[in-house]
Amino acid sequence: LIGRLMFELPEEMGLIAIAVRQTQGKGRGGNVWLSPVGCALSTLHITIPLHSNLGQRIPFIQHLVSLAVVEAVRSIPGYEDIELRVKWPNDIYYSDLMKLGGVLVNSTLIETTFHVLIGFGFNVNNSNPTICINDLIAKFNKEEGTNLEPLTADCLIARTVTMLERLIDIFQEKGPNGVLPHYYKFWVHSGKQVHLHSEDGPSAWIVGIDDYGFLQVHEEGKGIQSVHPDGNSFDMLRNLIVPK
C-alpha cells in the first residue's frame with residue numbers, strides 16, 4: 001500500500017505505515033521477521049535528492065536508521081546507559097549478545113530523486129523468543145537501583161523518526177564525518193578480529209566503515225579493504241566475514 005501511495009503524494013509530505021502486528025515481515029536475503037504484538041513495526045517513506053551528500057551515499061541510510069533506533073532510547077534522560085547497540089549493517093542488538101531489531105531499506109531512483117522505503121522493527125515488550133527493550137530497562141533498574149519506566153512502541157517509533165530526521169540533516173550538511181563518531185560510540189565491532197572467507201581464512205581486524213557505509217577491515221600485509229553488505233554476511237557467532 002505505501003509503495004503505491006508514495007508516488008502520488010507531494011514530496012514535502014511525510015508518509016509512514018505502522019503495524020501492531022505483521023504476518024509477513026521480511027528481513028535481509030528473504031529472511032522472515034517475526035512480528036508479534038509488542039514490537040515497534042513501521043515502514044517510512046522519505047525522499048533524498050540524488051545530488052546531495054546522502055544521495056551520493058545511499059547505502060548509509062540503513063546505518064542512520066539503526067543509529068536512530070538506538071538513539072530513540074539512549075537519548076532519553078536517565079536511559080543513556082541502556083545497553084542497546086547497532087550491529088553492521090542493519091541490526092539492533094543488546095550489547096553484542098542478542099538481536100532485538102532490524103532495518104530493511106529499499107530505494108527507487110526516479111529522475112533525480114531517491115524514493116526510499118525504510119522498514120524497521122524492534123522488540124519493545126516481548127521477553128520471548130530473545131529479549132526486549134523493556135527487559136533491558138528492568139535489568140538496568142535492578143542492577144543500578146533506578147526506577148526507569150518501561151517504554152511503548154508508539155513512543156519509540158515517534159522518537160526514531162525524529163532522530164532519523166536530525167541525523168539526515170547532519171549528514172546532508174557534514175557528510176559521513178558528521179555522524180560516524182556517534183555511530184561508533186554505539187556499535188558492537190570496535191577492535192573485533194574476524195577471519196575472511198572461511199574459519200581458516202586470514203585474520204583481519206574491523207576498523208570502521210568507509211564513506212559509502214561499507215565495512216572496513218585491516219588484513220595484515222594487505223592494508224584496509226571494504227566489504228560490501230550486499231555480497232557478504234557477517235556472522236558474529238563465528239567471527240567471520242563470509243561471501244554469500
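Leaving out neighbours within four places in sequence, Asn134 is in contact with Val124, Asn125, Pro150 and Leu151. Contact means heavy atoms within 4.5 Å. This is a predicted model, where local features need pLDDT of at least 70, side-chain atom pairs count only at pLDDT 80 or more, and totals for chains, interfaces and linings use all residues. Residues are numbered from 1 along each chain as its sequence is written, and side-chain values use heavy atoms, without hydrogens and water.

Asn134 sits in helix H3 (residues 133-144). Helices (H or I, at least four residues) and strands (E, at least two) are DSSP runs, numbered from the N terminus. Asn134 counts as buried because its relative accessibility is 10%. Buried means under 20% relative accessible area, exposed over 50%, partly exposed in between (1.4 Å probe, protein chains only).

Next, the core. The largest nonpolar core has 62 residues; Ile48, Ile118 and Leu215 touch the most other members. Such a core is a set of buried Ala, Val, Leu, Ile, Met, Phe, Trp, Tyr and Cys residues joined through side-chain atoms within 4.5 Å. Helix H2 (residues 60-74) gives the most to this core: ten residues. Domain 1 (1-186) and domain 2 (192-243) each supply at least three residues. Domain bounds come from an automatic or database domain assignment.

Now strand S7 (residues 193-196). Its side chains alternate between two faces.

S7 pairs with strand S8 (residues 203-209) in the antiparallel sense, over three bridges. Two strands pair if DSSP finds at least two bridges between them. His195 has Ser203 as its bridge partner in S8.
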